[in-house]
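Please look over the structure shown here with me, taking its helices, its aromatic rings and its core in turn.

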Amino acid sequence: MLAQFKRLGADSLLYAFMNVGTKLIAFIMLPIYTNFLSTTKYGYLEIIDKWTAMLTFLIIFGTDSALSYYYFDTKDKEKRLQHVRNVMYFRLAIVGLLALAVITAGPQISAMLFKGDSSHVDLLYISIATLLVDTVTIVVLMVMRFDFKTKKVVIYTVAKMLLMAVFSYLFLKYMMQSAAGILWGRFAGFGLIFLLMLSTSWKYLKPKIDMHMMKEMLKYAAPLVPASLAFWVIANLSVFILQAFQSMAEVGIYGAATRLAMIITLLTSGVQMAWRPYSMNIKDKPSSPLLFSKIYMALLLLGIFGIMAIATAMPWVIRILGEGYYEAYKYVGLVSAAVFLNFYYLIISSGLFFTKKTSFISLAFGIIAVVNVVLNVALIPTFSIWGAVASYVISYMLAVIFIFRKSQKEYYVPVSFGKMSFLFTVMLAAVIGIIYVQENGLSWAYQGLAWLIVVAAIVISRVDKDLRKKAAEAPAR
């Protein structure tokens, strides 16, 4: 068990370095963007990013999880290569169809996205071109990750983000101070990485498709597609409803808050990238359920303290964005809680991936997406950005509850869901208290009290016993 912990730790450390690097670049660039762009102009970037996120889900079509499963399901190198080619050409075909739609109906799509304004069609063209070159790169990096070529993944990913940042700054500084400047910078950076990786990508681009293997993979992947679209609804629909009922400036403020909330991924994204191949590799070991239970609890504690720290520090951190964005600070802590749950569900749903019961994930998120739409429509017209934040957090809390319970039935992990729920709820209450203290200019001592309450909850619930539990002590299913 110790050796497995070390392997996860080593890969997670490298991926954590990569993600610290990429997130740090994104963090540095955010105030640059906001100081070049007004909240309204930043709102346009936010809308196009949400549109691109939806297209990304359609392009992936659940094939990331499917490739992960089938890649490790065989030791045959030729079969593995064919699986990768199938995924590559499937994704490129989807990009081609989307490009055709944008070329033929770009002004109409622009009008639909921007309240009847068809003049932003250029943003659509740039985003599609960027998706095309990045699709190839993403597949190749995914295969490198499966082959545990962690160093190469880290180098290429950090280089891609660094080039994107440099080109975006150059476009903003010297050519166009608008969302288009940032998008052109992304295309230039991603395109250069595509060219640098072409020698590695070439064998996966050989036009050879096995339809039987493709059908098997899509049969695994298809149940995940509604879930992917549901993810998009939960994470992004609120932006379009904000635009409809409020203003583009508020879209910009909320967008800045959600970007800053991604700070929490500095703690989680390394584990997220290492988790799927790691867990699939050891799922059949007798000691794995107990190991997973400790990982579940340890990651929850990491998230709790990370969210608390973000909420506490945000009134000072937010100043780097400029005065127009200051009010975004009060939303960041709770949004980071939702972002953490988006990571955490991937960890605690492992049983559904092990047993190929991924269709339940689609069902659960489909239901949650409907709930999210209702919450957004009900809350945003009255509570504006707070309505979007509440909808986001509540949706992911419900999703984690449904998915964890089902996963436990398929692959039991000896961990107390009641204890985890209690700790997360106490943390949410503490974050709300911290925001209230900050908004009303109350003493720092009250924020310290919120921290003490969370620590006390952890001590009282005896999490230390869960982390020190041995196999003989683990409760039977």
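Q: In this predicted model, how far apart are the end C-alpha atoms of helix 6 (residues 150-174), and what span should its residues give?
A: Helix 6 holds 25 residues, and at 1.5 Å a residue these should span 36 Å. The distance between its end C-alpha atoms agrees with that expectation, because it too comes to 36 Å.

Q: Which residues of helix 6 are buried?
A: Being buried here requires a relative accessible area under 20%. The residues of helix 6 that are buried are Thr 150, Val 153, Val 154, Thr 157, Lys 160, Met 161, Met 164, Ala 165, Ser 168, Phe 171 and Leu 172.

Q: Over which ring does the charged end of Lys 160 sit?
A: Lys 160 is one of the buried residues of helix 6. Its charged end lies 4.9 Å from the centre of the ring in question, which belongs to Phe 190.

Q: Why is the pair of Tyr 69 and Tyr 220 stacked?
A: A search of the whole structure finds 27 aromatic pairs. In the pair of Tyr 69 and Tyr 220 the ring centres are 5.1 Å apart, and planes under 30 degrees apart count as stacked. The pair is therefore stacked, since its planes stand at 20°.

Q: Which helices does the pair of Tyr 69 and Tyr 220 link?
A: The pair joins distant parts of the chain, as its two residues are 151 residues apart. Tyr 69 is buried at 12% relative accessibility, and Tyr 220 is buried with a relative accessible area of 6%. Tyr 69 lies in helix 3 (residues 63-73), and Tyr 220 lies in helix 9 (residues 211-221).

Q: What kind of aromatic pair do Tyr 71 and Phe 72 form?
A: Tyr 71 is buried, with a relative accessible area of 6%, and Phe 72 is buried as well, at 18%. Arg 80 lies over the face of Phe 72, 5.9 Å from the ring centre. With 6.0 Å from centre to centre and 75° between the planes, the pair of Tyr 71 and Phe 72 is edge-to-face.

Q: Which residues touch the most other members of the largest nonpolar core?
A: This core has 167 residues, and helix 14 (residues 329-348) gives the most to it, with 16 residues. The residues that touch the most other members are Tyr 296 and Phe 365.

Q: Which residues do ring pairs link into a cluster with Trp 275?
A: Trp 275 is among the residues that Tyr 296 touches, including also Tyr 344, Phe 404 and Met 420. Ring pairs link Trp 275 into a cluster with Phe 292, Phe 354 and Tyr 411.

Note on methods
Residues numbered from 1 in each chain as written. Predicted model: local features only at pLDDT ≥ 70, side-chain atom pairs only at ≥ 80, totals over all residues. Heavy atoms only, no water. Helix = DSSP H or I, 4+ residues; strand = E, 2+ residues; numbered from the N terminus. Expected span 1.5 Å × (residues − 1). Buried < 20%, exposed > 50% of the residue type's maximum accessible area, 1.4 Å probe, protein only. Phe/Tyr/Trp six-rings, centres within 6.5 Å; stacked < 30°, edge-to-face > 60°. Lys NZ or Arg CZ within 6 Å of the ring centre and 35° of its normal. Core = buried A, V, L, I, M, F, W, Y, C linked by side-chain atoms within 4.5 Å. Contact = heavy atoms within 4.5 Å. Lists of a residue's contacts leave out its neighbours within four places in sequence.
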